[in-house]
Amino acid sequence: MNDGSLLARIIAAADPAAVPEDFLDPRLADLPGLDNLPGLKQGGDILARAIIEGQPVAVFGDYDADGVTATALMVSFVQACGGTVFHHLPNRLTEGYGVDREAVTRMAGRTGSSAVLVTVDCGTSSDEALVLAKKLGFTTVVTDHHRAERRPDGADCVINPNLGKAAPGFEVLAGAGVAFFLAAATRAALREQVFFQNQKEPDLRPLLDLVALGTIADMAPLTGINRILARAGIDRMNQAPRPGLAALMQAAGLVCGHVGGREVSFVIAPRINAAGRLGEAETALELLLEKDPARIGSLCQRLEQLNRERRELTDKALDLIEKTTETQKVTSETITIFKAEKIHLGVVGLVAARLMRELDRPVLVFSLEEGGAVGSGRAP
């Protein structure tokens with residue numbers, strides 16, 4: 001587990017009593033109140049009103065495992081409340097990161113006017129797309145966790161624990177964690193409106209496997225709130241995993257009941273990420289939402305194939321960098337820069353990570369394209 005400096009202090013502690021009890025036995029009952037995260041109550045009220053009034057909800061996610069799980073979480077929650085929900089995951093290779101203007105326009109065509117647009121794991125830096133969304137009639141709720149100094153233009157509500165001065169305790173959350181708290185706040189708002197008198201109230205615990213997967217995949221620190229959510233989510237994976245996740249675990253050779261943070265990080269998450277890296281994030285999302293066994297089997301096979309392709313593309317790129325004259329290498333006292341042609345954009349970051357570990361120094365890797373280059377960097 002990624003436990004950071006807290007774990008280091010625990011290991012160094014001579015007195016076992018110095019180990020915090022909540023570190024060894026994290027419990028959902030110890031999660032902080034919903035009032036402690038700025039924007040959360042407002043976002044919950046907006047989403048609850050949309051569900052009560054029958055307004056469509058459009059969820060805009062990201063293509064990595066955190067974004068995919070956060071999207072699956074919000075889609076599942078709105079559906080469980082009886083709401084109408086649409087979603088969009090960007091294609092990494094053609095749309096890139098963040099909320100895309102053309103995608104917003106297409107979503108407006110699907111939802112009509114007076115819809116709510118909820119971003120998950122993105123949106124804080126998407127001013128232009130959010131302004132467009134407002135013009136198209138969306139009420140915009142941004143949920144994100146990436147650091148930023150100001151609110152994005154066009155956002156009616158922003159829930160980002162790392163916007164400006166970090167929200168104490170919440171700053172460790174990944175996108176899936178922020179989405180989970182929005183679901184909790186929305187359920188609380190619906191309770192206040194006595195919405196569940198004639199509608200079954202959704203249980204949030206089945207969503208925890210998604211939160212754990214997104215949090216661990218995003219390498220968020222497993223301390224505080226994240227430790228509670230990850231522990232509960234891994235328990236869920238081992239006791240009652242969703243059908244698609246159970247099938248993926250089986251296909252990867254994992255045994256239900258014996259899955260921990262390491263298995264999530266090195267076996268499950270790479271398969272979800274592989275889909276997004278190769279432009280098929282929707283495949284991973286569909287697997288997490290699907291209930292039909294035949295369809296689940298087909299989706300699992302596709303994810304296994306994409307994961308093999310991801311490994312092959314990474315190995316091919318590393319071989320290209322090592323052996324061909326097409327590669328150019330620049331080394332300074334502080335960083336090494338590689339650039340080469342024909343590196344698949346989806347694995348540039350993976351190649352940088354591998355080289356960083358080999359060299360034990362910051363590395364930038366650029367794939368040369370017509371008229372420019374696209375790169376990614378990693379540092380110890």
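Strand β4 (residues 139-143) is joined to β5 by 3 bridges, and the two strands run parallel. The bridge partner of Val-141 in β5 is Cys-157. Two strands count as paired if DSSP finds at least two bridges between them, and the elements named here are DSSP runs numbered from the N terminus, namely helices (H or I, at least four residues) and strands (E, at least two).

The model is predicted, with local features needing pLDDT of at least 70 and side-chain atom pairs counting only at pLDDT 80 or more, while totals for chains, interfaces and linings use all residues. Residues are numbered from 1 along each chain as its sequence is written, and side-chain values use heavy atoms, with hydrogens and water left out.

### The sheet and the helices on it

The pair β4 and β5 belongs to an open sheet of 5 strands in the order β2-β1-β3-β4-β5, with parallel pairing. Its edge strands, each pairing on one side only, are β2 (85-88) and β5 (157-159). Direction ignored, neighbouring strands of this sheet are turned by 15° against each other on average.

Strand β1 pairs with β2 in the parallel sense over 4 bridges, and Phe-86 in β2 is the bridge partner of Ala-58. In a regular strand the side chains alternate between the two faces of the sheet. In β1, Val-57 and Val-59 point one way and Ala-58 and Phe-60 the other, and all of them are buried (under 20% relative accessible area with a 1.4 Å probe on protein chains only; exposed is over 50% and partly exposed lies in between).

Helix α3 (residues 40-53) lies across β1 (57-60), β3 (116-120), β4 and β5, and runs at about 120° to β5. Helix α5 (residues 101-111) also packs on the sheet, where α5 touches β1, β2 and β3, and its direction makes about 160° with that of β2. Contact here means heavy atoms within 4.5 Å, and the angles, from 0 to 180 degrees, are taken between N-to-C directions of lines fitted to C-alpha atoms, for helices over the stretch in contact.

### Helix α14

Helix α14 (residues 348-359) has 12 residues and reaches 16 Å from its first C-alpha to its last, close to the 16 Å expected at 1.5 Å a residue, the expected span being 1.5 Å times one less than the number of residues. Its buried residues are Val-348, Gly-349, Val-351, Ala-352, Ala-353, Leu-355 and Met-356. Among the elements that cover them are α13 (293-323), β7 (336-341), β8 (363-369) and β9 (372-378). After α14 comes Asp-360, whose phi is positive, near 55°.

### Two further residues with positive phi

Most residues other than glycine have a negative phi.

### The largest pocket

About 1500 Å³ of space lies in the largest pocket. Of the 46 residues that line this pocket, the closest to its centre are Ala-217, Met-219, Asn-273, Arg-277 and Arg-378. A pocket is an open set of points, on a 1 Å grid over the protein atoms alone, where a 1.4 Å probe fits and protein lies on both sides within 12 Å along at least five of seven lines, and lining residues have an atom within 4 Å of a point. At least two lining residues come from each of α4 (65-80), α8 (208-217), α11 (261-277), α13, α14 and β9, and α11 gives the most, with 9 residues.

How values were computed
Grid points are joined across faces, edges and corners, and a volume is the space filled by probe spheres set on the points.
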